[in-house]
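Please keep the sequence and the structure in view while reading.

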Amino acid sequence: MNTFKYIFGFVVILVLQLLCSEFINLWPILYISVIPLLVILLPPDTSTYLVMLCGFAIGLLTDALSDGILGLNAACCTLLAACRNLITRPMRRYDIQTEEMDLNYGEFRPGKLVMLLLASYLIFFIPYVLIDGPMGKGVLYLSLRIILNVAVNVVIAYLLVRLWIRRFF
Amino acid sequence: MKLPPLIYNSIGKFLVFAALETVCLMLIVRNSTVQSSRVMEGVRTVQSFFWEKSEAVKSYTALRGTNKDLIEENARLTEQNARLREFIIRTQGEGKLEEISEQIKGNVGDSALANYSFTLAKVIKNTLNTTHNYLIIDKGTNDGVGEDLGVMTPSGVVGIIRGAGPRFSYVMSLLNLRQSISAKLGRSAGLGTLKWEGGSIRRACLTEVALNTEVQKGDTVFTSGNSSFFPPDIPVGRALGYTIEDGMYKRVEVELLQDFSSLDYVIVIRNGDKREIDSLSAINNSYLEKK
């Protein structure tokens, strides 16, 4: 049952991402991305190898289906997948029933969730902006673009998690 | 050796990560010109970083050889430096000879020096504080310098060579009680004998000047040219005043133009006619002996 819920959630988020990529062009420098959530919300006990492969596949699928640079989302998602364990480890708690360290996003307090999303989107957007940004732009431009993208996407991701995704996971 | 599982696992994760990222970068490079140049720029930066580091390591390992090369180079340069210094000193000497010769010609005139040749010599030793002062110069018989040759500078007479070795010569200074040269007063051409009588090294006396010779303070004293040692009309000093000596001659006090305390280079003067003049003088002497 849980597996079905995950797969359904993934499909929904992926479709959402494709819709965002195709139809929401708020600004040339702003990129709405929800696929980092797919990587973060994978079951906590999934091995890093599998998370990296999933991240790579999700990114590549998004690149292939949307009108972007092939490999860009895949590279960023793979990096986020590799760092996933590192950023979620401090947020895990011991589950008495399963006697294992568990990670339940639905029970996160707002601050904790924001911190997780912030770290995830920073890892995702730093390489994204560096590779995607136009040539000859200075550090200030790149920094502002990273901050803007992270801020907007963290807000969107927070709302998605709070209003909808927590029902699935 | 078996690796601990944690390290083994970490290496495995890293390799998978690196492989996936490489695939992504290859896709990016193939599908976008801008991103391709950016990635290649990054690759070149990394490449140049490693090249720089490897060059630094190579340089460090080659330090022993470099050090040996530097020592050899240093020895070679030291030798070259010594040769160049010798060359400069020699060239300066030659330049100095020309410079001094020109000054003397300027004072005396080319025609008066037609039979004279010059040799530059460096003063090796110069005594000033005795009554029998002398100089040693660095030219001797090997350089064609011999006895009875005049020594001077553009400022005046220095002395006469009284002994010559192969490499050095002994010059009896004008500041020697036994030394005297024939001189004349410029205005009246009154002849006399210039002698140093001790005391100040800037003062001498022109003795045996005829009573009818007009002497005024500031008159220049020149070499007379009556001896075979020095050409005529070389300025030697200035008259300061005179006294009557034994009621027969004037004794003119002379301020020497030559500063003997700052002698560095001197000119040895060779009179081409000296042998002939000396042989004629010898006839006179033998005639007197017969009488």
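## Where the two chains meet

How many residues of chain A are in contact with residues of chain B, and how many of chain B with chain A? In this predicted model, 21 residues of chain A touch 18 residues of chain B. The size of an interface is often given as the accessible area lost when the parts come together. Here chain A and chain B bury about 1,700 Å² between them, and 73% of that area lies on carbon and sulfur atoms.

## Salt bridges

Side chains of opposite charge can pair when their charged atoms come close. Between chain A and chain B the count is 0 salt bridges, although over all chains the count comes to 12 salt bridges.

A salt bridge within chain B joins the side chains of B:Glu72 and B:Lys68, at 3.7 Å from N to O. Both B:Glu72 and B:Lys68 belong to helix 3 of chain B, which covers residues 63-108, and they stand 4 residues apart, about one turn of the helix.

## Helix 3 against helix 4 in chain A

Two packed helices are described by the angle between their axes and the distance between the axes. In chain A, helix 3 (residues 48-65) and helix 4 (residues 72-88) pack at an angle of about 160 degrees, their axes being 7 Å apart. Helix 3 of chain A and helix 4 of chain A are therefore roughly antiparallel to each other, and their crossing is right-handed.

The residues that meet include A:Gly55, A:Phe56 and A:Gly59 from helix 3 of chain A, and A:Cys77, A:Thr78 and A:Ala81 from helix 4 of chain A. By class, this contact of helix 3 of chain A with helix 4 of chain A has 9 nonpolar, 7 polar and 2 charged residues.

## Helix 4 against helix 5 in chain A

Helix 4 of chain A also packs with helix 5 of chain A (residues 110-132), at an angle of about 150 degrees and with the axes 9 Å apart. These two helices, helix 4 and helix 5 of chain A, are therefore roughly antiparallel to each other, and they cross in a right-handed way.

Among the residues making the contact are A:Leu79, A:Leu80 and A:Cys83 of helix 4 of chain A, together with A:Ile123, A:Phe124 and A:Pro127 of helix 5 of chain A. The residues of this contact between helix 4 and helix 5 of chain A divide into 14 nonpolar, 3 polar and 1 charged.

Definitions and conventions: Residues numbered from 1 in each chain as written. Chains lettered and ligands numbered in written order. Predicted model: local features only at pLDDT ≥ 70, side-chain atom pairs only at ≥ 80, totals over all residues. Heavy atoms only, no water. Axes fitted to C-alpha atoms, helices over the stretch in contact; angles between N-to-C directions. Parallel < 35°, antiparallel > 145°, perpendicular 65-115°, else oblique. Left-handed = near helix turned anticlockwise from the far one by under 90°. Contact = heavy atoms within 4.5 Å. Nonpolar A, V, L, I, M, F, W, Y, C, P; charged D, E, K, R; others polar. Buried area = accessible area lost by both parts, 1.4 Å probe. Salt bridge = Lys/Arg side-chain N within 4 Å of Asp/Glu carboxyl O.
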